[in-house]
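Here is a set of questions and answers on pockets, a cavity, helix packing and backbone details. Look through the model first, then read on.

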Amino acid sequence: MPAPTLEVVRHPLIEHKLSHLRDRRTGSRRFRVLVEEVTLLMTFRATRHLEGEAVTVETPLETARYRRVREDRLVVVPVLRAGLGMVEGVLRLVPGARVGHLGFYRDEETLRPVRYYGKLPPDPGRRSFLLVDPMLGTGGTATAAASELKERGARDIRFMCLVAAPEGAARMAEFHPDVPVYAAALDRRLNDAGYIVPGLGDAGDRLFGT
């Protein structure tokens, strides 16, 4: 049964591009472009909660009332390093968004994520945060990143990934039931090595050619 906070964003173009992302023959250059494109398509859905402010616009024919989003109220936060590949996709749709960064490494003894870097814009309580990481595997880093944002004062948080495992989605729902999770695909499971299957491999290595 899917986690209650998870929404799989379905669209023919997302599925099409995801099939190329999964293909082991896709090189780093093409992989980066595809990650950006899928992120852009998903951002349309993940930002539907943003509220606009009423403005008056002079068209060539008359005045009209519309609502404009305060783009600087949105903060996209990549989880380093693979999350960096998703940032530009968000910024292409919301160019005025701020960008924060969170970095984690895994402690070899406890296997728990440990934050080694964190930088966010001021006044987090007044902003909407979009955490991005291509993979939601065990959910350890994602839950730690969401907790870090909350500790710094963030109240409006969403998490967006390309591929999720049921284990990671369930863990996010357990620890952060107030954080919606958007994924391009919900895969079958984690294997014994902790990789999502069928998955798309190590997103960071494929993005950066390492």
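Predicted model: local features only at pLDDT ≥ 70, side-chain atom pairs only at ≥ 80, totals over all residues.

Q: Which residues are the closest to the centre of the largest pocket?
A: Lining residues have an atom within 4 Å of a point. The largest pocket has 29 of them. The closest to its centre are Arg106, Asp133, Met135, Thr141 and Asp202.

Q: Which elements each supply at least two residues of the lining of the largest pocket?
A: Elements are DSSP runs numbered from the N terminus: helices are H or I with at least four residues, strands are E with at least two. Both kinds contribute to this lining. They are strand E4 (74–80), strand E6 (101–106), strand E9 (135–136), helix H4 (140–151) and helix H6 (203–208).

Q: What is the make-up of the lining of the largest pocket by class?
A: Ala, Val, Leu, Ile, Met, Phe, Trp, Tyr, Cys and Pro count as nonpolar, Asp, Glu, Lys and Arg as charged, and the others, Gly among them, as polar. By that scheme the lining has 15 nonpolar, 10 polar and 4 charged residues.

Q: Which residues are the closest to the centre of the second largest pocket?
A: The second largest pocket holds about 290 Å³ of space. It is lined by 14 residues. Strands E2 (52–58) and E3 (63–69) give two or more residues each to that lining. The closest to the centre are Leu50, Glu51, Arg73, Arg126 and Ser128.

Q: How many residues of the second largest pocket's lining are charged?
A: The lining also holds 3 nonpolar and 3 polar residues. The charged count is 8.

Q: Which strand gives the largest share of the lining of the largest cavity?
A: A cavity is a set of points where a 1.4 Å probe fits but cannot get out. The structure holds 1 cavity of 30 Å³ or more. Its lining is Ala46, Thr47, His49, Leu74, Ser128, Phe129, Leu130 and Arg158. The largest share, 3 residues, comes from strand E8 (residues 128–132).

Q: Are H1 and H2 roughly parallel or roughly antiparallel?
A: Axes are lines fitted to C-alpha atoms, for helices over the stretch in contact, and angles run from 0 to 180 degrees between N-to-C directions. H1 (residues 12–22) and H2 (residues 28–46) pack at about 155°, with axes 10 Å apart. Angles under 35 degrees count as roughly parallel, over 145 as roughly antiparallel, 65 to 115 as roughly perpendicular and the rest as oblique. H1 and H2 are therefore roughly antiparallel.

Q: Which residues of H2 meet H3?
A: The axes of H2 and H3 (residues 84–93) come within 7 Å and cross at roughly 50°, which makes H2 oblique to H3. Contact means heavy atoms within 4.5 Å. On the H3 side are Gly85, Met86, Glu88, Gly89, Val90, Arg92 and Leu93. On the H2 side are Val35, Glu36, Thr39, Leu40, Thr43 and Phe44.

Q: Which residues of H5 make the contact with H4?
A: The axes of H4 and H5 (residues 166–175) come within 9 Å and cross at roughly 25°. That makes H4 roughly parallel to H5. H4 contributes Gly140, Ala142 and Thr143. H5 contributes Arg171, Met172 and Phe175.

Q: Where does Arg81 lie?
A: The peptide bond from Leu80 to Arg81 is cis, with omega near 5°. Arg81 lies in the loop between E4 and H3.

Q: Where is Pro198 found?
A: The peptide bond from Val197 to Pro198 is cis, with omega near 5°. Pro198 is in the loop between strand E13 (196–197) and H6.

How values were computed:
Residues numbered from 1 in each chain as written. Heavy atoms only, no water. 1 Å grid on protein atoms, 1.4 Å probe; cavity = no way out; pocket = protein on both sides within 12 Å on 5 of 7 lines; lining within 4 Å. Points joined across faces, edges and corners; volume = space filled by probe spheres on them.
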